[in-house]
Amino acid sequence: MTLHWLKELFVSFLNARHISRHFKRMMLFESFSRTDMSRAVPQGLGLKLIEAANAAPETLLQSLDTQIEGLTDTQADQIRARVGANEVGHEKPLPWWTHLWLAYRNPFNILLSILAGISVLTGDLVGGTIISFMVVFSTLLRFWQELKANKAADSLKALVSNTATVLRRSESDVSVPNFGLEQETNPNLKTGNRREIPLKALVPGDIILLSAGDMIPADCRLISAKDLFVSQSAMTGESLPVEKFAVQADTTKTNPLDLENIVFMGTNVISGSARALIITTGDQTYFGTLAKRVTATDRAPTSFQSGVNKVSWLLIRFMFVMAPIVLLLNGFTKGNWMEALLFALSVAVGLTPEMLPMIVTSTLAKGAMILSRQKVIVKRLDAIQNFGAMNVLCTDKTGTLTQDKIVLARHIDVWGKESDEVLGHAYLNSYYQTGLKNLLDIAVLEHAEVHRELNPVTNYRKIDEIPFDFTRRRMSVVVSEHNETHILITKGAVDEMLAVCTQAHHGDKIEPLTSEILTRVRQLAGDLNEDGLRVVAVAAKTLPLSNHAYGLADESELTLLGFIAFLDPPKDSTEPALRALAEHGVSVKVLTGDNALVTAKICRDVGLTMTGSKIVSGSDIEGMNDSELAQVVEEANIFARLTPAHKERIVRAIKTNGHVVGFMGDGINDAAALRAADIGISVDTAVDIAKEAADIILLEKNLMVLAQGVQEGRRTFANMLKYIKMTASSNFGNVFSVLIASAFLPFLPMLPLQILTQNMLYDISQTMIPFDNVDEEQIKKPQKWNPADIGRFMIYFGPISSIFDVITFFLMWYLFHANSVENQNLFQSGWFIEGLLTQTMIVHMIRTSKIPFIQSRAALPLMVMTGLIVAFGIFLPLGPLAGYFDFQPLPALYFILLPVIVLAYMALTQVMKGFYIRRYGWQ
């Protein structure tokens with residue numbers, strides 16, 4: 001049965017085969033602010049891009065030793081050998097030996113390695129082998145689990161379209177020095193010259209072809225472009241796409257992000273097509289320099305790492321103090337210093353919780369196995385405990401609290417009443433426009449019932465279109481209904497629309513747009529904005545049939561019909577998830593780059609009540625020093641209009657206040673905050689730099705998954721703490737018993753081999769702790785490492801076992817007459833069994849704050865394992881191996897008194913536990 005559970009542990013958490021199929025395509029990262037970007041990128045790179053933007057195409061091609069048809073394969077190979085692959089540095093995995101060292105490096109593993117070496121040198125080959133096995137097993141377990149998780153995370157890249165269309169010419173191709181749009185149909189550019197190659201194979205000088213949906217694979221200069229719109233939100237924070245051209249109109253611009261003919265790695269093409277010349281690749285791109293900036297600094301120790309190190313050093317210091325005392329006491333009282341040295345070394349090994357690395361790693365690995373079934377990839381095992389310790393979660397709004405999908409929420413007339421006429425005109429405008437269809441147009445066109453009612457294919461015909469531009473912030477279409485009249489339908493930003501409207505539609509009447517009505521209209525739009533809605537005005541006018549081309553002058557004297565209003569609605573799972581997090585002691589803080597009104601509306605809808613005096617903006621944070629910010633982050637829970645630097649600073653301020661902080665993000669603008677947090681959480685659709693910085697990757701961007709992760713993290717921590725408390729208190733008591741026995745006995749209270757055997761059996765009994773149950777009360781609140789609490793626990797519970805050890809000493813000395821060197825084996829056998837039973841049974845007492853076996857039972861694997869060890873420990877001094885270990889059979893009376901001693905020990909421990917809980921509580 002036990003072997004079955006061990007097999008399940010190894011097979012399940014080492015197998016991540018089902019994870020990768022959930023991965024979809026990669027989304028672009030969100031914004032680094034324009035200011036942050038300018039500061040982050042070296043001046044030399046900016047100048048290089050500006051020079052490329054202003055240079056003549058012929059000059060630029062010549063400087064990169066390329067031609068308009070592209071490079072040859074030989075040229076590309078030579079350039080790649082010189083500049084390297086088109087990869088950003090953070091994507092390169094750690095060498096396996098570095099990863100293995102990081103898995104090994106902790107205080108206990110190093111100490112145990114030293115003790116194993118000393119054991120071998122002093123002739124204790126068995127002890128050295130056992131200790132070495134513990135170290136090797138825990139190290140390889142951690143290494144393998146993290147390796148499998150990282151491979152699962154890397155499978156994201158394999159499922160993303162990772163090729164680019166590049167032009168490669170043969171050595172015999174002739175250069176065609178033509179840089180206009182007509183180049184697209186030049187017969188010299190044969191279809192065979194177009195190839196799909198991996199992004200990492202691109203080099204400076206390559207000519208690539210771009211079309212809608214393509215990710216731009218490097219920093220490029222446009223050679224030709226047709227209706228090219230590019231999303232640069234990753235670089236500038238602007239949600240609307242920008243139009244790019246082949247010619248730089250303003251040669252005085254000094255900010256590379258403003259260049260009209262430069263496109264950047266990591267941005268993507270929304271619409272149109274282009275031919276581009278690659279200027280820089282890999283780490284030399286704008287994105288590459290940002291990635292280096294984010295990953296250049298080492299990560300600060302997390303809550304788990306700091307806590308386990310403190311506890312480790314507490315126990316190590318205890319061992320370093322007590323082992324020399326045992327050596328000196330036995331050396332002076334017995335006179336045999338070599339025997340005393342071996343005994344002290346055995347005590348040191350017994351005092352060292354050598355199973356701690358293995359128990360911690362196994363428990364974390366089991367947690368990773370469970371979380372993987374809930375579509376969570378654990379990249380760093382330590383993060384599971386941080387999940388449990390987390391008491392503050394910082395998260396973005398879009399896609400986490402909301403669906404990350406724009407929907408049409410309202411369509412109303414000028415007086416605020418629902419209007420199908422407004423929706424119908426808006427639908428015709430979105431349906432017939434041929435320019436860039438943004439998310440708002442898509443939301444309107446999703447109303448299929450309007451399409452059926454209007455039947456635009458039969459009833460309407462498009463006459464003309466006045467495209468959108470970012471100056472007018474509106475666009476118009478002209479349609480004809482049954483060839484009777486022309487209807488110009490315009491939609492756009494409220495202020496820009498009101499500037500061209502002179503009338504308003506009121507029921508069946510048309511009224512002048514007076515100052516009173518204008519005030520009312522602005523108030524209506526303002527109210528919609530207050531509700532977190534994005535408002536677009538809709539207007540129209542009827543025109544006689546005409547053959548003239550419509551233009552901007554026709555957008556005048558319009559009749560305002562009403563408004564359409566949009567919203568990114570909250571997820572259905574958000575409110576119960578926030579409630580579950582709150583019930584488990586986790587407060588949620590929203591950190592977003594969106595505006596305060598929209599953020600406040602969404603937070604109200606999901607039941608997140610604003611704390612503090614107001615929503616804190618990025619501009620507010622700019623004016624605060626660290627102490628002021630530390631106070632604000634304690635009071636406020638909604639932060640808006642933030643840059644990446646603001647997010648990182650907020651996370652660090654919360655950590656400084658003593659909280660364990662989780663941060664959930666998916667963009668390069670989140671990477672710094674992800675690394676600053678105790679636990680970084682990202683999603684499968686995040687940009688690579690965010691996934692690299694994260695500890696946890698969610699296959700669903702869902703707060704409910706986080707709530708489940710918090711509970712699993714606390715179960716994991718509770719099981720680790722059981723072993724540490726049990727080991728610390730048990731070892732503390734054993735030291736007292738050894739000191740007492742060493743001071744008064746003429747022989748060793750237990751032989752070194754017996755101590756090591758007892759310690760090994762005790763350790764084996766605890767291997768099932770990762771499978772143990774945890775009381776619901778223990779996962780209701782955050783749990784943190786507290787060395788002071790562990791030290792106090794040692795002092796209260798350790799001496800209890802010493803009391804019953806001393807009782808056993810008296811029984812063996814006076815009742816069973818094991819009071820001479822000749823009878824020392826009898827004495828040692830008696831203490832071996834009693835010590836093993838009390839040590840083994842203590843886990844059932846301290847695993848719960850309740851009454852063990854009655855109010856709370858251990859999991860079956862743990863009960864079976866402790867039962868087997870108890871039975872084997874009793875059998876060993878009585879069986880055929882007794883002589884090998886210098887044991888001696890015990891009289892029947894001993895086994896009558898043994899249950900009394902063990903039950904009395906358990907009863908006194910339960911009484912002490914009640915006193916301890918009333919005074920200090922129970923973690």
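In which sense, right-handed or left-handed, does α30 pass α33? The crossing of these two helices is right-handed. Right-handed here means that the near helix is turned clockwise from the far one by less than a right angle, and left-handed means anticlockwise.

## Model and confidence

This is a predicted model, in which local features need pLDDT of at least 70, side-chain atom pairs count only at pLDDT 80 or more, and totals for chains, interfaces and linings use all residues. Residues are numbered from 1 along each chain as its sequence is written, and side-chain values use heavy atoms, with hydrogens and water left out.

The mean pLDDT (the predictor's confidence in each residue, from 0 to 100) is 80 for the protein. A value of 70 or more is reached by 84% of its residues. Residues 1-41 stay under 50. For them the model has 118 contacts (heavy atoms within 4.5 Å) beyond four places in sequence. Residues 174-192 are also below 50, with 28 contacts beyond near neighbours in sequence.

## Helix α30 and its partners

Helices (H or I, at least four residues) and strands (E, at least two) are DSSP runs, numbered from the N terminus. Helix α30 covers residues 787-815, and helix α33 covers residues 892-920. Their axes (lines fitted to C-alpha atoms, for helices over the stretch in contact) come within 11 Å. They cross at roughly 160°, on a scale from 0 to 180 degrees between N-to-C directions. That makes the pair roughly antiparallel. Angles under 35 degrees count as roughly parallel, over 145 as roughly antiparallel, 65 to 115 as roughly perpendicular and the rest as oblique. The contact residues divide into 20 nonpolar, 3 polar and 4 charged. Nonpolar means Ala, Val, Leu, Ile, Met, Phe, Trp, Tyr, Cys and Pro; charged means Asp, Glu, Lys and Arg; the others, Gly among them, are polar.

Helix α28 (residues 703-744) also meets α30. Their axes come within 7 Å and cross at roughly 45°. The two are therefore oblique to each other. This crossing is right-handed. Its contact has 15 nonpolar, 7 polar and 3 charged residues.

## Strand β1 and its neighbours

Strand β1 (residues 163-167) runs antiparallel to strand β2 (residues 194-198), joined by 5 bridges. Pairing requires at least two bridges found by DSSP. Ala 164 stands opposite Ile 197 in β2.

β1 also pairs with strand β3 (residues 207-211), in the antiparallel sense, over 3 bridges. There Val 166 has Ile 208 as its bridge partner.

## A link across the chain

Lys 334 lies in helix α11 (residues 303-334). Its C-alpha atom is 9.5 Å from that of Ala 743, 409 residues apart along the chain. Beyond four places in sequence, Lys 334 touches Ser 742, Leu 745, Pro 746, Phe 747 and Leu 748.
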